[in-house]
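Hi everyone, thanks for having me.

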Amino acid sequence: MNLGEVISIQIGHYSNFVGTHWWNLQEASFIYDPSKVGTSQIDHDVMFREGMTRNGQVTYTPRLIAFDLKGSLNTLKEEGSLYDAEHLDSQDQVAPWSGSTEKYCAEPALKNEFLRDLEREENEALNPTKREDTVDRRNDATYDATKINKNETQYNLDSEISVWSDFLRTHWHPKSLCIVSEYMHNATFAPFDTFSYGLNIYEKMATEYEDKLHFFIEECDHLQGFHLLTDVYDGFGGIGCKIIEDIRNEFRSKTILNINPFPIINCPVPFSMYQSSSIIAASLDNATLPYRSFYSYFTADHLYDALTEAGRKILSLSTGLPLPIRDDACLTTFLESVNGDLDSVLSCISPGHKEKNLRFSRYVTLRGITTSPTALQENKSASFGGLQYKNNKSVRTLQQFLSKFYPSSLSLCSVINDACNVSAPFPPFFSKYAAHDGNPKTTDENEQKILDTRNIATMTSLESSNGSQNYLKSLLNQAKNISIRRYHQFKENGMEEDTYSEALNNLSNLAETYYGIDNDL
């Protein structure tokens, strides 16, 4: 049962890092083998759309609008490469007047190893009769004949990633990108670093954005709501604020999940933007599965209404990636191993939140818990009904565990059979020969050859807790110490002191909704 579509809006450079990983993870879980059709519980039509080019080529692209600055795309064309790319290129080469012209050419950006392999694989898929002969391919210094499939290859991209498009494997629709041409990416002079800059830019881009938004909305049969990934620490925060206002005014009954990712997460190990965004993306992919799966009865509004009662709109996210379990472990074995403390295998990735909190409510999503060969064979041969029965049984088991050990809070859960596929270009965090507990899976060389760490078990807990109270109080105290009169950018772009004071009052009121549950208050 399709619960309805979700439209995604990515606003800012780091949000596009997270979003790129998220789309890559979803595409990695697509099933192309006809013999495995019906074994997946994930309904990709919730976030992807089917289309067709003028040449009759069927496409499957994200239902997405993404904002970024000029100079942030590197090798990616703003219009993408699926729809009439050659026609668009030829139009760009025609001068709009008959006078003399001068042409200046810049060296094209170089593609990294992953993008080159991706392009080669796509060209061979589209033109199977026009493949280069073996001699030509061996003369290509960038070609490695041992790489049969990019999914089976590990790439060392840490030093090669400068922007999010450097590891984008998913094709986007031409209407997906909104580029802020007035500001340059990584500019040292006149950077896009102020909230009010975004408010002004949105007024100039509103028509373009609304046209693209309604293009995707008009294709939806039953719109569930919106996913917003928003950078809130620069001008994109202003754009995000205006977009949320407009969505609330036009689509009052639709759910808005606004995610504000930060480059630094609660981890003692320093991560690059490419690495940290992958952890956030995998966690979000897991946490949103309840309303993106075939067997769920939870729509997006049902889930978030249950978690945000009494006006508590701030949620935190904890993740177990990957879960510290044996590959052949079942759900019961895993639950017994945590000794009633599910938080022992979870880490909070929301800034300003404690690892252990008193909770109002939580939604636990567990996926890929059973990866033994026997279980996989059962999944291959099971019907939709059989999979649903096994899934319901697992949900009841996990629900009973939560009710027993966390009786003071509302606990809901979902169990998804599909593991999380972390194949390239996801950072190679996980060793091929190491189990999730760090010990060797096997010392047998023949067994090592067939091991697969691309598919891992993960768990997330999306929750309302007093950790949000602590976060809001800290944010409020910092904001009160700022006098906007000292920052001319705010006043020059229309930010008044009364407006700032009103924002502080709203923040204080939101923090008050969490009072009374922290014994330390």
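Let me start with a question: are D285 and R367 buried or exposed? Both D285 and R367 are buried, where buried means under 20% relative accessible area, exposed means over 50%, and partly exposed is in between, using a 1.4 Å probe and protein chains only.

Before we go on, a word on the ground rules. This is a predicted model, in which local features need pLDDT of at least 70, side-chain atom pairs count only at pLDDT 80 or more, and totals for chains, interfaces and linings use all residues. Residues are numbered from 1 along each chain as its sequence is written, and side-chain values use heavy atoms, with hydrogens and water left out.

Now the overall picture. The protein chain has 15 helices and 14 strands; these are DSSP runs numbered from the N terminus, with helices being H or I of at least four residues and strands being E of at least two. Of its 521 residues, 49% count as buried. Take the contacts in the chain with a separation of 6 or more: 81% of them come from residues 24 or more positions apart. Contact here means heavy atoms within 4.5 Å.

Back to our opening pair. D285 and R367 form a salt bridge, with the closest N and O atoms 3.0 Å apart. D285 sits in helix 7 (residues 273-287) and R367 in strand 10 (residues 359-367), so the pair links distant parts of the chain, 82 residues apart. By salt bridge I mean a side-chain nitrogen of Lys or Arg within 4 Å of a carboxyl oxygen of Asp or Glu.

How many salt bridges does the structure hold? There are 15. One of them joins E219 to R49, with the closest N and O atoms 2.6 Å apart. Here again distant parts of the chain are linked: E219 is in the loop between helix 5 (195-217) and strand 6 (223-230), R49 is in strand 2 (residues 48-52), and 170 residues separate them. E219 counts as partly exposed because its relative accessibility is 33%, whereas R49, at 6%, counts as buried.

Another salt bridge brings together the side chains of K175 and D211, at 3.4 Å from N to O. K175 is in the loop between helix 4 (134-139) and strand 5 (177-184), while D211 is in helix 5, 36 residues apart. K175 has 26% relative accessibility, so K175 is partly exposed; D211, at 45%, is partly exposed. There is also a network of salt bridges, linking D343, R359, R362 and E463.

Let's finish with two helices. Helix 13 (residues 466-480) and helix 15 (residues 497-512) pack with their axes 9 Å apart, at an angle of about 160°. That makes the two helices roughly antiparallel.

Which residues meet there? From helix 13 we have Q469, L472, L475, L476, A479 and K480, and from helix 15 Y500, L504, L507, S508, L510 and A511. Sorted by type, this contact has 9 nonpolar, 2 polar and 1 charged residues. Ala, Val, Leu, Ile, Met, Phe, Trp, Tyr, Cys and Pro count as nonpolar, Asp, Glu, Lys and Arg as charged, and the others, Gly among them, as polar.

One last stop: E512 also lies in helix 15. Its C-alpha atom is 9.9 Å from that of G311, although E512 and G311 are 201 residues apart along the chain.

Technical notes
Axes are lines fitted to C-alpha atoms, for helices over the stretch in contact, and angles run from 0 to 180 degrees between N-to-C directions. Angles under 35 degrees count as roughly parallel, over 145 as roughly antiparallel, 65 to 115 as roughly perpendicular and the rest as oblique.
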